[in-house]
Amino acid sequence: MNEWILETNGLSKQLGGRAVVNQLNLQVKQGDIYGFLGPNGAGKTTTIRMLLGLAKPSVGSIRIFGKDLRKERLSILRKVGSLVEYPSYYGHLNAIDNLETVRRLLDVPRSRISEVLEIVRLTKDAKRAVKGYSLGMKQRLGIATALLGQPDLLILDEPTNGLDPAGIQEIRELIKSMPREHGVTILISSHLLAEIEQMATRVGIITKGQMIFQDSIEALRRQAKPTIRISVSRPEEAWRMLLAKGLPVDWDQTRLTVGEVSDRTVASIVAALVQQDHDVYRVEEERVSLEDIFLEITGGEGSL
Amino acid sequence: MSLRILSAELLKIRRKFIWFLIFLGPIGVVGLQAVNFGLRYDYLVGKVYRDDLWGGLIENVTILMVPTLFIGLAILASMVAGIEHQTNSWKQTLALPVTRTQVFTGKFLLNLLLLLVSTTLVAAGTIVLGIVLGFGTGIPYGVLLKACYYPFLAIVPFIALQNWLSVTFQNQAFPLTVGIAGMVVSMFSIRFGDWFPWKWPYLINAAKEPLYSVACGLAFGLVVLAAGLAHFVRKDVK
Ligand SMILES: Nc1ncnc2c1ncn2[C@@H]1O[C@H](COP(=O)(O)OP(=O)(O)OP(=O)(O)O)[C@@H](O)[C@H]1O
Ligand SMILES: [Mg+2]
């Protein structure tokens, strides 16, 4: 038995003569909220299109629920809910009729429609034509559509695109509750780490079509360990002196930093500096945010 | 499954201008013939068609119906596909557990069904008009049904073609141009040989056998449908 609910093998897509997705090995575990991260144009949407059978891979294979997507597309899609890029809807129809057009193809009981409307809290507006909805409501209808077939796997491509902070918060809560309450596995893409770091259990970071990091969110956090920066009157001399005493300091010609930040170490360093008549101007802790790490990993062309 | 797809398609066109179009075409065709026969009543009824009033009316209706079908099917296909293009719903529909073949044939069948409704309305409208004009109740049903449904069958390749084009291109200007050009070409099709597909819906051929035109239309219609399908199932969806 394979532990991955979704797995790609050397997945690649050639578009306009270049590899938009390049040798991707995506691995999603049952019950994961998998954050699929990458800057704009990294190839997230292209990958997701292939996962849904909307585009054919140039090379590589996709297995979902342990089945080959090429061979068992229909039975796989039966248990996958999706929202790609921005929600699709029929503007002249109301929310119920919109869901009904999908329900007729999924063959689930009619009662599912009011259930999913309840989940995304659209029950009150269900009888209004969707073209009059706000973007956030359309997005929620998109999520309701994705949930209609009681999927085991939800694939959401930037579901918070264009939403205000309150809307983002709301969708985030909804997504977080999903694995808990419905046993759903979720793959969610975003170009902002901050947006999904609070809910993701695993992250995959992709840039220029290639996966450059894939592990648990804890593993990513571990890279974000803080450092202490010390400014003194004669830094180079201070560095030599501290090293001679066996204290862990680094000197990069401009900054004196300490990688190990236990209180005891910092105290000894400061004591030594004072004893040797160095003027200590500042001792400050520097925290690298996950976003900084993300920017660093993706080569600086991250979010903004 | 195909039935479920068709029922979903029918739901999608609810409250759309499409239904108006389906009625507008037949009303236009029959209405224009009402004007034609009304204005020239003495000439047409008293002289030209004196021996076969119903036959004359049916002939006139058909002459108008075929070009109307040509333009109508192009507009219809464009509107039916437009429902998916508007908010790019293709990605949602095709990520559902349905085959591409089912989705594409679903659109085709919807077009076919709606045009069948229009054709039937033309037949019904003709009967009403004939009775109003006082042609009596000796309605030649056989002639009437053939005059309406044979062109409909012979025009199937164009339904398949416009459906293919409209589904393929997001911008409907090109499919519509092809459709309009097709209607114009069809009006001069008498000058072409019997091989010319735009001529088939007029049921005119050297053998004077309308069924030949119908057979050509149905056979070639299947070919165009199959070609469209082969393209659609391979294409990447935006
Ligand atoms: N049909 C196409 N032909 C050529 N290049 C394409 C095509 N479609 C997409 N691309 C390119 O592929 C790259 C990846 O696009 P994709 O939409 O997958 O990025 P993304 O990670 O989803 O970005 P975003 O965060 O902006 O949504 C982009 O550089 C884009 O220009
Ligand atoms: Mg994208």
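**Group meeting talk: two chains and their contacts**

Hi everyone, let me start with one pair: in chain B, the side chains of Asp194(B) and Lys199(B) come together in a salt bridge, at 2.9 Å from N to O. By salt bridge I mean a side-chain nitrogen of Lys or Arg within 4 Å of a carboxyl oxygen of Asp or Glu. Asp194(B) counts as partly exposed at 31% relative accessibility, whereas Lys199(B) is buried at 6%. For those words, buried is under 20% relative accessible area, exposed is over 50%, and partly exposed is in between, with a 1.4 Å probe and protein chains only.

Some housekeeping. This is a predicted model, where local features need pLDDT of at least 70 and side-chain atom pairs count only at pLDDT 80 or more, while totals for chains, interfaces and linings use all residues. Residues are numbered from 1 along each chain as its sequence is written, chains are lettered from A and ligands numbered from 1 in the order in which they are written, and side-chain values use heavy atoms, with hydrogens and water left out.

Back to salt bridges. How many does a search of the whole structure find over all chains? The count is 24. One of them joins Glu9(B) to Lys12(B), with the closest N and O atoms 3.3 Å apart. Both of these residues lie in helix 1 (residues 2-12) of chain B, three residues apart, or about one turn of the helix, and both are buried. When I say helix or strand, I mean DSSP runs, numbered from the N terminus: H or I with at least four residues for helices, E with at least two for strands. In chain A, Arg234(A) and Glu237(A) form a salt bridge at 3.0 Å between the closest N and O atoms; Arg234(A) is partly exposed at 33%, and Glu237(A) is partly exposed at 43%. There is also a network of salt bridges that links Glu100(A), Arg103(A), Arg104(A) and Arg110(A).

Now, the place where the chains meet. Chain A puts 29 residues into the contact and chain B puts in 31, where contact means heavy atoms within 4.5 Å. The area buried between them is about 2,900 Å², and carbon and sulfur atoms give 55% of that. Buried area here is the accessible area (1.4 Å probe) that two parts lose on being put together, summed over both.

Helix 2 (73-77) and helix 3 (95-106) of chain A are the elements that give two or more residues to the side touching chain B, and helix 3 gives the most, with seven residues.

Val237(B) is buried at 7% relative accessibility. Leaving aside neighbours within four places in sequence, its contacts include Arg49(A) and Leu54(A) as well as Trp90(B) and Leu94(B).

Next, the strands of chain A. Is strand 9 (residues 185-190) of chain A enclosed or open? Six of its six residues are buried, so strand 9 is largely enclosed by the rest of the structure. Thr185(A), Leu187(A) and Ser189(A) point one way, and Ile186(A), Ile188(A) and Ser190(A) point the other way. In a regular strand the side chains alternate between the two faces of the sheet.

Strand 9 pairs in the parallel sense with strand 4 (residues 33-37) of chain A over five bridges; two strands pair if DSSP finds at least two bridges between them. Five bridges also join strand 9 to strand 8 (residues 153-157) of chain A, again in parallel, with Leu153(A) opposite Thr185(A). From strand 8 the chain crosses through helix 6 (residues 165-182) to strand 9 of chain A, and this β-α-β crossover is right-handed. Right-handed means that, with the strands pointing away from the viewer, the path from the first strand over the helix to the second runs clockwise.

Last, the backbone. Most residues other than glycine have a negative phi. Asp107(A) is not a glycine, yet has a positive phi of about 60 degrees. Asp107(A) sits in the loop between helix 3 and helix 4 (111-119) of chain A and is exposed at 51%. Gln150(A), also not a glycine, has a positive phi of about 45 degrees. Gln150(A) lies in the loop between helix 5 (135-147) and strand 8 of chain A, and is partly exposed at 44%.

Thanks, everyone!
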